[in-house]
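Let's take a walk through this one together, from a metal site to the charged pairs. Have the model open as you read.

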Amino acid sequence: MSAAASMKIGVDVPWISSWSLEQQTGVSPCPSVDGQLAAGQQIKPGAGEPLYARAHLFRQRKSVREMRCPMCGEQTPDDDRWTRTARPTTAGTLRAKGLGPTLPADMPDDQSLLDCGTIAPMHRACAESASGLAHLADMNDRELRRFPKAWIIVPLWIEARSPNPQAKSVAVVSFLQLLGVED
Ligand SMILES: [Zn+2]
């Protein structure tokens, strides 16, 4: 039995992590983004070796859309959403970086936001157990903070090329970025 076979998803390996036999499958309409074209990946968690640092495309989108904890995969309730990796920013800072079109036009520049990148908030218990995993140890020195009640989801687009060299490339969703909107 390989070491990977004894690893428990949600305990030893985050639910959101890819496994080495989960191959990318190309582009198709995806229910995780309301049928928009998205980059796909086989769904075989537990197959092969865990790729801790590589989020699974479909599970990542699902975690942000459905507020599922990246560690255990279950939904997080309003009063139990925590993040260790999010970075405080403001609407004005993101607009200066060209992300303005993804923000509501009437949001003031001084609005405080919490940029979670692609990592949805976790249950507090899951955040605490995740910090004990060696491959996530670099998170240990970061403060655990509460995720706000409101948020914005920003699709991250990539250019997908058709096998036909004459065909135009098409923009498809890869991951979803999450911005918490502070009170
Ligand atoms: Zn959890």
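A residue counts as buried under 20% relative accessible area, as exposed over 50%, and as partly exposed in between. Valine 27 has a relative accessible area of 38%, so it's partly exposed. Keep in mind that this is a predicted model.

Where does valine 27 sit? You'll find valine 27 in strand β2, residues 24-29. Together with Leu37 and Val170, Val27 makes a nonpolar surface patch of about 190 Å².

Now for the metal. The zinc ion has four protein donors, namely Cys69 (SG), Cys72 (SG), His123 (ND1) and Cys126 (SG), at 2.1 to 2.4 Å. Why call the arrangement tetrahedral? Because the angles between the four donor atoms around the zinc ion run from 101 to 119 degrees, and the cut-off for four tetrahedral donors is that all angles lie between 85 and 135 degrees. For reference, the ideal angle for four tetrahedral donors is 109.5 degrees.

Along the chain, the donor residues follow the spacing C-x2-C-x50-H-x2-C. That pattern brings together distant parts of the chain: cysteine 72 belongs to the loop between α1 (57-65) and β5 (82-83), while histidine 123 belongs to the loop between β7 (112-115) and α3 (124-130), 51 residues apart. Cysteine 72 counts as partly exposed because its relative accessibility is 25%, whereas histidine 123, at 11%, counts as buried.

On to the charges: the structure holds eight salt bridges. Here are three of them, with the distance between N and O atoms.

| Arginine 59 | Glutamate 22 | 2.9 Å |

Take the salt bridge of arginine 59 with glutamate 22. This pair links distant parts of the chain, with arginine 59 in helix α1 and glutamate 22 in the loop between β1 (17-19) and β2, 37 residues apart.

Arginine 65 lies in helix α1 and aspartate 34 in the loop between β2 and β3 (37-41), so the pair ties together parts that are 31 residues apart in sequence. Arginine 65 is partly exposed at 37%, and aspartate 34 is exposed at 62%.

As for arginine 81, a relative accessible area of 6% makes it buried. Finally, salt bridges with shared partners join Lys62, Glu66 and Arg68 into one network.

Methods
Residues numbered from 1 in each chain as written. Predicted model: local features only at pLDDT ≥ 70, side-chain atom pairs only at ≥ 80, totals over all residues. Heavy atoms only, no water. Donors = N, O, S within 2.8 Å, 3.2 Å for Na, K, Ca; no water. Tetrahedral: all angles 85-135°; square planar, octahedral: opposite > 155°, others 65-115°. Helix = DSSP H or I, 4+ residues; strand = E, 2+ residues; numbered from the N terminus. Buried < 20%, exposed > 50% of the residue type's maximum accessible area, 1.4 Å probe, protein only. Patch = residues over 30% accessible without salt bridge, like charges linked within 9 Å, V, L, I, M, F, W, Y side chains within 5 Å. Areas by Shrake-Rupley, 256 points an atom, 1.4 Å probe, with all protein chains shown as cover. Salt bridge = Lys/Arg side-chain N within 4 Å of Asp/Glu carboxyl O.
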